[in-house]
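Here are my notes on this one, jotted down as numbered points. Have the coordinates open while you read.

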Amino acid sequence: MFWQQVASGLASGSLYALIAIGFVIIYKATDVVNFYQGEIAMVGAYLGYLMYLHLRLPYGVVVFITLIPGAILGLILERIAFRTLIRQPVLSMIIATLAVGIILKSLARIIFGPVVYAFPPVFNPEPLSLWSVKITVQSVWILITVTAFMFLLFLFFKFTKIGLGMRATCQDKETALMMGVSVRGIFSLTWAISSGIGASAGVLLAPLISVEPEMGLVAIKAFAAAILGGFHSFPGAVVGSLIIGVVENLAGGYIGSAMKDIVSFIVIILALIFFPGGLFGKPMVKKV
Amino acid sequence: MKKLFPKRLTILVLVLLLLLCPLFLDIYLIYILNLIGIAIVLAVGLNLVMGYAGQISLGHAAFYGTGAYTTALLMAKLSWPFWIALPLGGMVATTFGFLIGIPALRLSGPYLALVTLSFGEIFQLIITHWYKLTEGPLGLVVPAAKLGPVVFDKDKKLFYLVLVICILLIILAYNVVKSKAGRAFVALRESEIAAQSIGINLTKYKLIAFALSAFYGGIAGGLYACVGHLVDPLDFGLFQSISYLSMIIIGGLSSVTGSIIGAIIIVVLQQLLGRLHSYQELVYGVLLLLILIFMPRGIQGKLSGIIKVRRD
């Protein structure tokens, strides 16, 4: 049924949105595409799994606590790997994030094995029924959290001094430095925030997708969603994610599950051909 | 500054050694050399579009796969001879290269990365699911290549085939790099606006860059079909595209020599760690990271500081 597909699509879309937001945070401040965003969610998921199942901490607490190890990991990575690459062209940093992602994924596989862990359902698995459409409680929470994050981050980047500093750094590092922006501090903060949120996102995702080293692959769709929305816009990332979720589900429902991914990618390519800056993108004018 | 290794002599000696290889190396090593030759062709092609022209191509496995499947299908299902199937594989790949070049005209950075990645994913999904055409995950078996009276069924014979094609394509690449097109690529990478202002036709050269690198990928793929005798959708996905990327980053962007070095290293690494899959990835990632931090211009960049190896 059409609306059910749409509702499920919104639910999957919100999963992507959680990770997509992480991409945008880093891109907005550093012009870098963070290819380990999926893997940090994986780290968060494993940590969350351990805390929830073995330490028996309440779920809400787990979601918040994971922000800390996530942020710390981000800070450490920034310090060892990315800081030395500040002076390099952006491609180096992007590949570095890719390398970190690969390292995290293989470490997870070595430590935990390729076993797929099922995160026990947190909320009542019986879906809620709204107007003949079913949606799980977990999905509703994810949608709420994502929207909350979206607003907070949007306000942060637009109105706070640090947020402005981040945007300035992205636009022109040298000038930002001259204006008194602590570029090093901004970098550290950016990676910390993005990794922290990423790890938390992993905990939110875990009950819906099982916990395993490859779970970071969902980040490919999230990446696509963020770009679709215009890579430097939080509302864009969320909207893009929801669109992809819905398109995917409709394709899966009406055409067939094999075509699901193919259709999503085709839609992405078409969208970018017609909107080269993403749906909410403003073309950035680069001076020669 | 005295050159440490006179270039032409070194190359001559290397080529002679290579020609004599099959006489004293065992079959497994020859097989690895074949894989290295194929990887070199791939890496050189990728470097043309990413290193020189500065365009991001995250779906390169699709070109490789197109060449591999086209050649495989023509040889297996239509029994076409190898000396038609291989170039056709290259040409079909080139066509796809043009197609991908079209969105590239308006996109750059992460946007282009996504489009190329999407193409790559779509390609893999199609070859996996289109059973009727490609036998899907079962893989497609490729009969031995024949060139006149010679049947390339043994790795040693294939070695010469791969060697010749590899050398020819390397020479081609060196020539392209030094030609007007090569200079246009670099201009394109450094600043599109400035390049346009001196009359460089962006459209033409962007499309050429993608098409050319796709051609290389396609030929490499066709060769792989002959060397491996089997094509399988799992070999042509994102993981592979990323490993080609690693080849040129580790070896050195915008350097044909760098591509060669990178290709050798990655293939050897893959073979050494082949059985320990998770450790393979770990070493991969760590190596990549270390190279990025300590040798940002790749191994070739580092070497050209030490020995006077000419940088293109």
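Helices here are DSSP runs of H or I with at least four residues, numbered from the N terminus. Keep in mind that this is a predicted model.

1. Let's start with A:Asn34. That residue sits in the loop between helix H1 (2-30) and helix H2 (37-54) of chain A. Is A:Asn34 buried or exposed? A relative accessible area of 0% makes A:Asn34 buried, since the cut-off for buried is under 20%.

2. What does the side chain of A:Asn34 reach? The backbone nitrogen of A:Tyr36, at 3.0 Å. There is also a side-chain to side-chain polar contact with A:Gln37, at 2.9 Å. Skipping residues up to four places away in sequence, A:Asn34 touches A:Phe23, A:Ile26, A:Thr97, A:Trp191 and A:Ser194.

3. A:Phe23 from that list turns up again in the largest nonpolar core, which has 191 residues. Together with A:Phe82, A:Phe231 and B:Phe236, A:Phe23 touches the most other members. Helix H2 (residues 27-52) of chain B gives this core its largest share, 15 residues.

4. If you want to look around B:Phe236, leave aside its neighbours within four places in sequence. The contacts of B:Phe236 are then B:Ala61, B:Tyr64, B:Gly65, B:Ala68, B:Tyr69, B:Phe123, B:Gln124, B:Ile127, B:Tyr224 and B:Val231.

5. Now the interface. On the chain B side 38 residues are in contact with 44 residues of chain A. The two chains bury about 3500 Å² between them, and 83% of that comes from carbon and sulfur atoms.

6. Polar links across the interface come to 4 residue pairs in polar contact, counting pairs with both residues at pLDDT 80 or more. On the chain B side, the elements that give two or more residues are helix H5 (109-129), helix H9 (192-197), helix H11 (238-251) and helix H13 (277-294). By residue type, that side of chain B divides into 29 nonpolar, 6 polar and 3 charged.

7. Salt bridges next. How many are there over all chains? A search of the whole structure finds 9, and the count between chain B and chain A is 2. One within chain A pairs the side chains of A:Arg83 and A:Glu78 at 3.3 Å, N to O. A:Glu78 has 1% relative accessibility, so this residue counts as buried.

8. The pair to zoom in on is B:Glu281 with A:Lys105, a salt bridge at 3.9 Å, N to O. B:Glu281 lies in helix H13 of chain B and A:Lys105 in helix H5 (residues 90-112) of chain A, so the pair joins two chains. Both B:Glu281 and A:Lys105 are buried.

9. B:Glu190 is exposed, at 57% relative accessible area, while B:Arg189 is partly exposed at 30%. As for networks, salt bridges that share partners join A:Lys105, A:Arg109, A:Glu214 and B:Glu281 into one.

Terms used: Residues are numbered from 1 along each chain as its sequence is written. Chains are lettered from A and ligands numbered from 1 in the order in which they are written. This is a predicted model: local features need pLDDT of at least 70, side-chain atom pairs count only at pLDDT 80 or more; totals for chains, interfaces and linings use all residues. Side-chain values use heavy atoms; hydrogens and water are left out. Contact means heavy atoms within 4.5 Å. Buried area is the accessible area (1.4 Å probe) that two parts lose on being put together, summed over both. A salt bridge is a side-chain nitrogen of Lys or Arg within 4 Å of a carboxyl oxygen of Asp or Glu. A polar contact is a pair of N or O atoms within 3.5 Å; within protein, one must be able to donate a hydrogen and the other to accept it, and residues adjacent in sequence count only if both atoms are side-chain atoms. Ala, Val, Leu, Ile, Met, Phe, Trp, Tyr, Cys and Pro count as nonpolar, Asp, Glu, Lys and Arg as charged, and the others, Gly among them, as polar. A nonpolar core is a set of buried Ala, Val, Leu, Ile, Met, Phe, Trp, Tyr and Cys residues joined through side-chain atoms within 4.5 Å. Buried means under 20% relative accessible area, exposed over 50%, partly exposed in between (1.4 Å probe, protein chains only).
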